[in-house]
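Let's take a walk through this one together, starting with a charged pair and ending with a pair of helices. Have the structure open as you read.

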Amino acid sequence: MKIWVDADACPVVIKDILFRAAQRKKIETIFVANQYIRTPASNYIRSQQVSAGFDVADDEIVKQTEVNDLVITSDIPLAAEVIEKGALALSSRGELFTKENIRSRLNIRDFMDTMRASGEQSGGPPPLNQKDRQNFSNHLDRILAKY
């Protein structure tokens with residue numbers, strides 16, 4: 001198992017949780033982004049910078065993800081693609097995307113995109129809070145306990 005992180009939009013506090021988990025569990029964790037991502041010196045943690053462009057980091061994650069890997073992302077289409085490959089997907093808010101819930105999440109995302117395109121102001125997601133961080137940590141711990 002490897003952990004792949006969609007690092008461009010990953011909150012710093014979630015990256016810190018992942019740094020500690022990678023070291024504690026000795027799991028290879030790769031932070032993929034269009035920009036340089038600073039990571040601690042570790043045999044288990046690295047960053048991979050990809051070229052700039054729409055979905056370049058997402059495409060790289062999909063390309064390299066294997067069955068039973070864990071992908072950290074809040075990008076619903078990316079989550080759908082890695083689930084299709086047999087990987088797990090967890091959002092930075094601790095929502096575990098599954099084969100059972102990803103289709104409805106894609107539908108909601110597409111609906112919201114349509115609303116925004118028509119001029120509707122949605123305001124975006126609320127800031128990450130302590131409950132979100134705890135939810136993320138708990139889900140991550142449960143997933144890593146199985147491996």
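**Charged pairs and a helix pair**

Lysine 2 counts as partly exposed, because its relative accessibility of 29% falls between the 20% cut-off for buried and the 50% cut-off for exposed. Keep in mind that you're looking at a predicted model.

So who does lysine 2 pair with? Its salt-bridge partner is glutamate 28, and the closest N and O atoms of the two are 3.8 Å apart. This pair ties together distant parts of the chain: lysine 2 sits in the segment before strand E1 (3-6), while glutamate 28 is in the loop between H1 and strand E2 (29-33), 26 residues apart. Glutamate 28 is partly exposed as well, with a relative accessible area of 28%.

What about burial here? Glutamate 60 counts as buried, at 17% relative accessibility, whereas lysine 63 is exposed, with a relative accessible area of 61%. Back with the lysine 2 pair, salt bridges that share partners join Lys2, Glu28 and Arg46 into one network. The count of salt bridges comes to five.

Aspartate 141 and arginine 24 meet through their side chains in a salt bridge, at 3.1 Å from N to O. Here too, distant parts of the chain are linked: aspartate 141 belongs to helix H5 and arginine 24 to helix H1, 117 residues apart. Aspartate 141 is partly exposed, its relative accessible area being 37%.

Helix H1 (residues 12-25) packs with helix H5 (residues 130-145) at an angle of about 25°, and their axes are 11 Å apart. Angles under 35 degrees count as roughly parallel, so that's the label for H1 and H5. Their crossing is right-handed.

Which residues meet where H1 and H5 pack? From H1 come Val13, Ile14, Ile17, Leu18, Ala21, Arg24 and Lys25, and they meet Arg133, Phe136, Ser137, Leu140, Asp141, Leu144 and Ala145 in H5. Sort the residues of this contact by type and you get nine nonpolar, one polar and four charged.

How values were computed:
Residues are numbered from 1 along each chain as its sequence is written. This is a predicted model: local features need pLDDT of at least 70, side-chain atom pairs count only at pLDDT 80 or more; totals for chains, interfaces and linings use all residues. Side-chain values use heavy atoms; hydrogens and water are left out. Axes are lines fitted to C-alpha atoms, for helices over the stretch in contact, and angles run from 0 to 180 degrees between N-to-C directions. Helices (H or I, at least four residues) and strands (E, at least two) are DSSP runs, numbered from the N terminus. Angles under 35 degrees count as roughly parallel, over 145 as roughly antiparallel, 65 to 115 as roughly perpendicular and the rest as oblique. A crossing is left-handed if the near helix is turned anticlockwise from the far one by less than a right angle, and right-handed if clockwise. Contact means heavy atoms within 4.5 Å. Ala, Val, Leu, Ile, Met, Phe, Trp, Tyr, Cys and Pro count as nonpolar, Asp, Glu, Lys and Arg as charged, and the others, Gly among them, as polar. A salt bridge is a side-chain nitrogen of Lys or Arg within 4 Å of a carboxyl oxygen of Asp or Glu. Buried means under 20% relative accessible area, exposed over 50%, partly exposed in between (1.4 Å probe, protein chains only).
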